[in-house]
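Reader: I've got a model open and I'd like to learn how to read it. Could you walk me through a few features?
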Amino acid sequence: IARDGTWFYMGSPIGRIGMVQMFASVLRRDADGKYFLVTPVEKVGIQVDDAPFVAVEMKCEGKGREQVLSFRTSVDDWTTASATHPLRVTLAAETLEPSPYVLVRGRLEALINRAIFYDLVELCVDEMREGKRMFGAWSSGVFFPFMDSGLAGRL
């Protein structure tokens, strides 16, 4: 699975969304981080460049601490950011380029695409957390800190 969410079989993209959705329904990630397609009769390892899904749409209901953020993936699954489906952002070591994710199910995440991330950033606020001012977003009554506010101001 490529970073942009394209699924491949033997080097060729899988063009039928129904086929991708079927494979996605049996996708699992073990505790060691390896990905597998698991059916009752076999377990086949697959390569995932980053995250197996891409968040391509976001809905926001409410405002501030009361807002609820939901994300649609490239395989048409919806997930709502919450304590059980957290948001997180990693920063590339050299460039500090952010990579935002939302947990979809199990250990499977969706990379939030750039356009949606820009919309998400517009909903972010500064909050004090453990003596630090953090830049992040609220959803389902949970604050998800993305980075130190001082760093966010330089990006």
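This is a predicted model: local features need pLDDT of at least 70, side-chain atom pairs count only at pLDDT 80 or more; totals for chains, interfaces and linings use all residues.

Reader: What is the phi of methionine 10, and where does the residue sit?
Author: Its phi is positive, about 50°, although methionine 10 is not a glycine. The residue is in the loop between β1 (8-9) and β2 (12-13). Those labels are DSSP runs numbered from the N terminus: strands are E with at least two residues, helices H or I with at least four. Glutamate 130 also has a positive phi, near 50°, without being a glycine. Glutamate 130 is found in the loop between β12 (125-129) and β13 (132-139), and counts as exposed at 85% relative accessibility.

Reader: How do I read strand pairing, say for β4 and β5?
Author: Two strands pair if DSSP finds at least two bridges between them. Here four bridges join β4 (residues 35-38) to β5 (residues 43-46), and the strands run antiparallel. They form a hairpin with four residues between them. Valine 38 has lysine 43 as its bridge partner in β5, and phenylalanine 36 stands opposite glycine 45.

Reader: What is the strand order in the six-stranded open sheet?
Author: The order is β8-β7-β6-β11-β10-β9, with mixed pairing. At the edges are β8 (78-80) and β9 (87-91), each pairing on one side only. From one strand to the next, the twist averages 40°; axes for such angles are lines fitted to C-alpha atoms, for helices over the stretch in contact, and angles run from 0 to 180 degrees between N-to-C directions. Helix α2 (residues 114-122) packs on the sheet, touching β6, β7 (68-73), β9, β10 (98-105) and β11, and its direction makes about 30° with that of β6. Contact means heavy atoms within 4.5 Å.

Reader: In what sense do β6 and β11 pair?
Author: Parallel: β6 (residues 53-61) and β11 (residues 108-112) share three bridges. Valine 54 has leucine 111 as its bridge partner in β11.

Reader: What about the nonpolar core?
Author: In soluble globular proteins, nonpolar side chains tend to be buried together. A nonpolar core is a set of buried Ala, Val, Leu, Ile, Met, Phe, Trp, Tyr and Cys residues joined through side-chain atoms within 4.5 Å. The largest one here has 33 residues, and Trp7, Phe53, Phe71, Leu87 and Ile112 have the most contacts inside it. Not counting residues up to four places away in sequence, phenylalanine 53 touches several residues, including Trp7, Leu27, Val104 and Leu111.

Reader: Is valine 102 buried or exposed?
Author: Buried, at 0% relative accessibility. Valine 102 lies in β10, and its contacts beyond four places in sequence include Phe71, Leu87 and Ile112.

Methods: Residues are numbered from 1 along each chain as its sequence is written. Side-chain values use heavy atoms; hydrogens and water are left out. Buried means under 20% relative accessible area, exposed over 50%, partly exposed in between (1.4 Å probe, protein chains only).
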